[in-house]
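Colleague: I have some questions about the labels on this model. Can we go through them?

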Amino acid sequence: MVRYFPNPYDDYKSGINLNIDKDEVLSQINEHIKNITKRIQPNRKNVEGGLYVGITGISYMFYYLSRNPLLSEMKSEYIAKGLDYLAPALETSAGDKTSYLLGDAGTFALATVLKKEMGDEEFTHSLKTYKSLYNYYLNPKFLKCGGDEFFVGRAGYLAGALWISRELKTEIFTPEELYKICDIIVASGRQFASAHNSPSPLMYHYYNTKYLGAAHGSSFILQMLLSVPGYLEYNKSAAQDIKSTVEFIASLQTEEGNWPCCMEEVGLSDHKLVHWCHGAPGTVYLMAKAYLVFKDQKYYNACVRAAELVWSKGLLRKGPGLCHGVAGNGYVFLLLHRLSGDEKYLYRAKLFADFMNTEDFLRDARLPDNPESLYEGTAGTVCFLSDLLVPDKAEFPFQDVFSTYVY
């Protein structure tokens with residue numbers, strides 16, 4: 001089974017007039033919003049799945065639109081809609097309270113930021129609730145299934161803490177508090193690596209699979225460790241193990257530009273998944289962060305190879321979403337555009353957006369399980385389209401590699 005549509009487009013040639021029509025993009029955004037708000041209502045039965053596939057993710061989409069300077073005339077309407085979609089999630093649980101993407105931790109993070117934006121003093125209550133979860137992550141046996149990854153683990157909580165801090169432009173946790181979580185993540189990675197004779201000093205698992213990608217794997221965990229300001233200086237032995245593990249993951253990139261989904265697949269000749277969740281479109285963010293932190297050209301080269309793979313095999317049949325869809329893969333080009341300043345990548349991102357309106361895609365792409373959601377469906381597509389208008393600010397949700405998070 002071929003997982004992707006053949007790319008029908010000619011690649012960028014110097015001198016091409018790259019025109020991103022704001023009105024056309026806005027009309028696509030509005031069409032998506034109309035369908036999303038018609039099909040998924042802000043009520044308690046749609047809370048489950050949190051930011052990933054629940055209505056909290058729709059709320060995030062509206063908040064994200066409200067930050068776009070080119071859409072400022074709609075800002076108050078977007079904020080109001082965001083609060084509408086968030087309200088039921090504050091009344092009933094989305095899942096585990098400590099889970100950032102699938103449960104309540106993400107709800108509390110978004111509530112903090114949205115309410116602050118509204119000037120609602122209630123934001124302090126949401127922030128307090130988010131911070132009250134902190135001690136759970138310090139328990140080394142926090143989650144048997146693997147407590148370090150993004151969706152349900154410590155890396156997700158760190159991502160939320162850094163995001164709130166950036167949005168509020170204020171310190172949420174002291175550096176020492178963040179370092180404590182990082183130390184636990186490093187200790188956990190060392191322990192698992194040692195117990196399983198890992199070729200790298202740090203290794204992680206989720207339900208006993210040693211995933212490498214962004215969704216449940218080492219690449220997102222390592223990106224968060226590189227993102228906490230000052231941590232590499234604070235803990236030199238951890239810094240050494242982090243750097244060696246990043247180098248190890250870089251070394252697993254295939255000639256084609258992809259990464260194995262998990263350690264169990266290292267050595268196989270064909271790695272078919274070109275998804276944000278598993279494969280180059282998610283691991284590329286670790287490589288970009290490593291390039292910015294270590295200033296080593298090999299990480300930049302890894303990003304370029306990943307982008308070439310996505311250009312040839314990234315028009316996924318799985319749908320329009322961020323996790324395993326065309327918008328998530330289009331974000332690779334927006335990342336490379338910010339990293340390099342090369343207009344070629346913006347051109348490619350625009351064509352990935354265009355492809356989602358073609359007859360081929362609309363007829364033959366699979367309908368996701370949660371077609372309106374942030375990570376599987378069109379709410380994520382809306383964020384991608386919004387970022388096409390302001391490519392110098394573009395970022396995959398909760399995965400900004402450019403911010404240093406210091407205030």
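Colleague: What makes the charged end of Arg-317 count as sitting over the ring of Phe-5?

Modeller: This is a predicted model, so keep that in mind. The charged end of Arg-317 is 4.3 Å from the centre of the Phe-5 ring. The cut-off is 6 Å, so the distance qualifies. Lys-116 likewise lies over the face of Phe-123, at 5.5 Å from the ring centre.

Colleague: Why is the aromatic pair of Phe-150 and Phe-220 called stacked?

Modeller: The structure holds 39 aromatic pairs. In the pair of Phe-150 and Phe-220, the centres are 3.9 Å apart, with 10° between the planes.

Colleague: What parts does the pair of Phe-150 and Phe-220 tie together?

Modeller: Phe-150 lies in the loop between α7 and α8, and Phe-220 in helix α10, so the pair links parts 70 residues apart in sequence.

Colleague: How do you know that Phe-150 is buried?

Modeller: Its relative accessibility is 0%. Buried means under 20%, so Phe-150 qualifies. Phe-220 is buried too, also with a relative accessible area of 0%.

Colleague: What makes the pair of Phe-150 and Trp-276 edge-to-face?

Modeller: The planes of Phe-150 and Trp-276 have 75° between them, and the centres are 6.3 Å apart. Edge-to-face needs over 60 degrees, and the centres must lie within 6.5 Å, so the label holds. Trp-276 is in the loop between α12 and α13, so this pair joins parts 126 residues apart in sequence.

Colleague: Why is Glu-167 called buried?

Modeller: Glu-167 has a relative accessible area of 14%. That is under 20%, so Glu-167 is buried. Glu-167 lies in helix α8 and touches Tyr-63, Arg-67 and Val-113, leaving aside residues up to four places away in sequence.

How values were computed:
Residues numbered from 1 in each chain as written. Predicted model: local features only at pLDDT ≥ 70, side-chain atom pairs only at ≥ 80, totals over all residues. Heavy atoms only, no water. Helix = DSSP H or I, 4+ residues; strand = E, 2+ residues; numbered from the N terminus. Buried < 20%, exposed > 50% of the residue type's maximum accessible area, 1.4 Å probe, protein only. Contact = heavy atoms within 4.5 Å. Phe/Tyr/Trp six-rings, centres within 6.5 Å; stacked < 30°, edge-to-face > 60°. Lys NZ or Arg CZ within 6 Å of the ring centre and 35° of its normal.
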